[in-house]
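Thanks for coming, everyone. Please look at the sequence and the structure while I talk.

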Amino acid sequence: QVQLVESGGGLVQPGGSLRLSCAASGSIFSIDVMGWYRQTPGKQRELVALISSGGSTNYADSVKGRFTISRDNAKNTVYLQMNSLKPEDTAVYYCNADIKSSVLAGPIAYWGQGTQVTVSS
């Protein structure tokens, strides 16, 4: 069994910063791509940022230059540093990870429970 546990969400004023964390635990052999997505009511979940096991990153155009994704492979943890936050960044943020539980197993996509980020004055 694998779990992803997120933390770090909350209420912040426009222009402020937050740092999200997501730690994977359980039966883990290796983790490939890790990422962050977000969703607002009535809209589809959208990609925010991805990071490969080697550190290559990819960002949505709306967050480029403001958000930074990173990971600590020793801790099976992915981070999202969010700076210059805007009201339109308000959403539930979910982490995602492609995880192999053994050397012979294929990767399975796991999701965290979500953490609310609200940007408002």
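I will go through a sheet, a disulfide, the nonpolar core and some aromatic contacts.

First, the ground rules. This is a predicted model, where local features need pLDDT of at least 70 and side-chain atom pairs count only at pLDDT 80 or more, while totals for chains, interfaces and linings use all residues. Residues are numbered from 1 along each chain as its sequence is written, and side-chain values use heavy atoms, with hydrogens and water left out.

Now the sheet. Four words on order: β1-β3-β8-β7. These 4 strands form an open sheet with antiparallel pairing. Strands here are DSSP runs of E with at least two residues, numbered from the N terminus. Two of them pair if DSSP finds at least two bridges between them.

Which strands stand at the edges? They are β1, residues 2–7, and β7, residues 67–72. Each has a single partner strand, so one side of each is left without a neighbour in the sheet. From one strand to the next, the twist averages 15°. For such angles, axes are lines fitted to C-alpha atoms, and the angles run from 0 to 180 degrees between N-to-C directions.

Look at β3, residues 18–26. It pairs with β1 in the antiparallel sense, over 6 bridges. Val 5 stands opposite Ala 23 of β3. Ser 7 stands opposite Ser 21. On to β8, residues 77–82: 6 bridges join this strand to β3, again antiparallel. There, Ser 21 has Tyr 79 as its bridge partner.

A disulfide is counted when two cysteine sulfur atoms lie within 2.5 Å. The structure holds 1. It joins Cys 22 to Cys 95, with 1.9 Å from S to S. Cys 22 lies in β3 and Cys 95 in β9, residues 91–100, so the pair ties together parts that are 73 residues apart in sequence. The link is right-handed, with 40° about the S-S bond.

Are these two cysteines buried or exposed? Both Cys 22 and Cys 95 are buried. Buried means under 20% relative accessible area, exposed means over 50%, and partly exposed is in between, with a 1.4 Å probe and protein chains only.

Next, the core. A nonpolar core is a set of buried Ala, Val, Leu, Ile, Met, Phe, Trp, Tyr and Cys residues joined through side-chain atoms within 4.5 Å. The largest one has 29 residues. Trp 36, Leu 80, Met 82 and Tyr 93 have the most contacts inside it. Elements giving two or more residues include β1, β3, β8 and β11, residues 115–119. The largest share, 5 residues, comes from β9.

Last, the aromatics. Rings of Phe, Tyr and Trp (its six-membered ring) pair if their centres lie within 6.5 Å; planes under 30 degrees apart are stacked, over 60 edge-to-face, the rest tilted. The whole structure has 1 such pair. Tyr 37 is buried at 19%, while Trp 111 is partly exposed at 39%.

Arg 45 lies over the face of Trp 111, at 4.7 Å from the ring centre. Arg 45 also lies over Tyr 94, at 3.7 Å. The test is CZ of Arg, or NZ of Lys, within 6 Å of the ring centre and within 35 degrees of the ring normal.
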